[in-house]
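Subject: Structure handover

Hi,

Here is the structure for you to look over. My notes on what turned up follow below it.

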Amino acid sequence: MSEVGGYRNIPSAEDYDFVIRAILKGYSLGILAKPLVIKRMNPGSISESDNYRQVVYAETLRKNFKKHNIINLDDLPKINLKSKQTYAIIKNSFDNRNVKKINTFRLIWQLIFRSEGRMLLKTILVAKYQMKTI
């Protein structure tokens, strides 16, 4: 595995980057039938605290993977603070939709018509699909 190059400094998406590079180098990877780890949902975890960066970087890595490209670290997108804040507001509304009285129409509008909402919706749908296939 040394030709893959180990982990690179891609905050919040190191594992994803490593797996993509391993596949592009010709390694076969798969999913075990029996889970060996349990993912805990923790508000302080990177998946929660830096979710926007993780989603943006994963999407960039995925797009390059489809073109059989390994992205240069200098080509990672810059994280836009306003988009990150908008994403956090939409995510918070979605996460608390059954607890707080929110405007459901507005949330649906944000999930469909805001790029940050579409990123969140895509992430949620992929996670739900993966949970069903394991």
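Start with S12, which lies in the segment before α1 (14-24). Helices here are DSSP runs of H or I with at least four residues, strands are runs of E with at least two, and both are numbered from the N terminus. This is a predicted model: local features need pLDDT of at least 70, side-chain atom pairs count only at pLDDT 80 or more, and totals for chains, interfaces and linings use all residues. Residues are numbered from 1 along each chain as its sequence is written, and side-chain values use heavy atoms, with hydrogens and water left out.

Backbone

S12 is not a glycine, yet its phi is positive, about 75°. S12 counts as buried, at 11% relative accessibility. The cut-offs: buried is under 20% relative accessible area, exposed is over 50%, and partly exposed is in between (1.4 Å probe, protein chains only).

H68 also has a positive phi without being a glycine, near 65°. H68 sits in the loop between α3 (51-66) and α4 (81-95). Its relative accessible area is 64%, so H68 is exposed.

Salt bridges

Side chains of opposite charge can pair when their charged atoms come close. The rule used: a side-chain nitrogen of Lys or Arg within 4 Å of a carboxyl oxygen of Asp or Glu. How many salt bridges does a search of the whole structure find? It finds eight.

R53 forms a salt bridge with D50, with the closest N and O atoms 3.0 Å apart. K84 and D50 also meet in a salt bridge, at 3.8 Å from N to O. K84 lies in helix α4 and D50 in the loop between α2 (46-49) and α3, so this pair ties together parts that are 34 residues apart in sequence. D50 is buried, with a relative accessible area of 12%.

Next, α4 itself. D95 and K91 form a salt bridge, and their closest N and O atoms are 2.9 Å apart. The two are four residues apart in helix α4, so about one helical turn separates them. K91 is buried at 12% relative accessible area. D95 is partly exposed at 46%.

Salt bridges link R8, D17 and R21.

Aromatic rings

A pair of aromatic rings is described by the distance of the centres and the angle of the planes. Rings of Phe, Tyr and Trp (its six-membered ring) pair if their centres lie within 6.5 Å; planes under 30 degrees apart are stacked, over 60 edge-to-face, and the rest tilted. By this rule, the count is three aromatic pairs.

Y7 and F18 have ring centres 5.1 Å apart and planes at 10°, so the pair is stacked. This pair links distant parts of the chain: Y7 is in the segment before α1 and F18 in helix α1, 11 residues apart. Y7 is exposed at 53% relative accessible area, whereas F18 is buried at 17%.

W109 and F113 form a tilted pair, 5.7 Å centre to centre with 40° between the planes. They are four residues apart in helix α5 (residues 104-113), so about one helical turn separates them. W109 is partly exposed at 39%. F113 is exposed at 54%.

Last item: the charged end of R97 sits over the ring of F94, 3.9 Å from its centre. That label needs NZ of Lys or CZ of Arg within 6 Å of the ring centre and within 35 degrees of the ring normal.

Best wishes
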